[in-house]
Amino acid sequence: MEPHIPLGSRISGERLAVLLGEWRRRGSRQGAADLAAAVELQVLDGQLPIGTRLPAERELAEALAVSRTLIGAALDRLREDGLVASRRGAGSWIAGTGRRGHERALPSGEGLLDLARAAPSALPGLMSAVDDARRALTEYVTGNGYLTGGLPLLRERIAERYTARGLPTSPDQVVVTGGAYSAFVLCLRMLAGPGDRVLVEQPTYPNALDAIRAAHALPVPVALDPVRGWDLAGIEAALRQASPRFGYLVVDFQNPTGLRLDAAGRERLGGLLARSRTPVVVDESLVELDYEGDPLDAPPPLAAFAGDLTLMVGSAAKSHWGGLRLGWIRASADLVDRLGSSRFAVDLGAPVFEQLVLASLLEPAGYEALARRRAELQGQRDALVGALKWYCPEWTFEVPSGGLSLWCRLPEPMSTRLAVSAANHGVQLAPGSRFGVHGGLERWLRVPFGLPPDQLFEAVRRLSMAAASVRGLAAVPAVNVPVT
């Protein structure tokens, strides 16, 4: 029995022709094979997500200026390879990543240079904040320690930051959680149930996909172009055709691409979500890591355009330290009440001491330390760019204006094999398939720059050796790797 695949938006023949580009190989008379290979490449690159409905044969033939016989032969090849499925009356759609679509790599081990987790070391000044928290804790130890919504002081400071960024917020609109992932799980539990569709970007944050699957919901991907960014027309079509229960988006230094949606794009996207009455969870874990200016001068949060059905999720893990397991949700008062009703099935609140530490870090002096952190990370980003250009000149990427990683296009579909080979060279990686709804993305690799420059250079040197050894390797068994 075939697995159920939720069908996403339909791609027109004209749009698919533009996506495929110059698909004929020079001198080749194997037109069907060339066309099938071009479609497969777009599937592996994530530009044709699984579930995408393909145009009718006649429409595609006209768009590509070829015969319907050639189109039919190419589809036959794609069906044989498991990339396309067809059914009378329903047409054809992308059904898998084919024989080259390997999933998830690689064993964890000791002594590896960790490029699987996009996270820096602790922010300087953390221990001073710990001392401040220790002294402030005496005020709370006589109580029972349960603060379901969060420490009032911390909620106040988070609300002040949203207001300063252009989104007026009161403390009662903030709920403190045990990290951004816990915040997303809480939103997911409130908004969706088994069988519900959830709109996501492709590629996107792997742990969010894992949480959606664990809730037995169905992620509906919309391709995110690594250069041009969000396909707002595709999102509009998905909202209309798939009717998702909610969307999960990362519009500030998107993980893994590093892209940021501008103010005009946010206004249009927010309008689409508001008109369709679609709730959206916006992950802002990386919003403070802006290397081109003060985060307060950045485009306003998406909730400023999308209305009261928007839940903004933040985190201290990327900006301050992954060991400070705190996050938060900013939402309307009505949604905060609903979150409180569903929270007891997830947890009973975040630890008081850690909240006191973060409240200290969110004082004005803490933002000065965060500015120094941004300068440090910008230097690490530039070091990684230089190392990749030196050791891996065939890899291409856009240099992001913020965030913690580069999204690299590889010279051939080898991301999973490279991740496995890299482990043998002492580097831990998350392959591109981890960031796709149904795998694929074998020509892509996320390379974080959370390590010091000397370790980044050494890691990239080892990566170049791993890449050289991969070119002749056969397919490898797939195993899992934690990603942050």
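Trainee: Is Cys187 buried or exposed?
Mentor: This is a predicted model, in which local features need pLDDT of at least 70, side-chain atom pairs count only at pLDDT 80 or more, and totals for chains, interfaces and linings use all residues. Residues are numbered from 1 along each chain as its sequence is written, and side-chain values use heavy atoms, with hydrogens and water left out. Buried means under 20% relative accessible area, exposed over 50%, and partly exposed in between (1.4 Å probe, protein chains only). Because the relative accessible area of Cys187 is 0%, this cysteine is buried.

Trainee: How far from Cys392 is the nearest cysteine sulfur?
Mentor: A disulfide is a pair of cysteine sulfur atoms within 2.5 Å, and by this rule the count comes to zero. Cys392 is accordingly in no disulfide, and the nearest cysteine sulfur, that of Cys408, lies at 8.2 Å.

Trainee: Is Leu441 buried or exposed?
Mentor: Leu441 is not a glycine, although its phi is positive, at about 55°, and its place is in the loop between strand S13 (427-428) and strand S14 (444-448). Since its relative accessible area is 1%, Leu441 is buried.

Technical notes: Helices (H or I, at least four residues) and strands (E, at least two) are DSSP runs, numbered from the N terminus.
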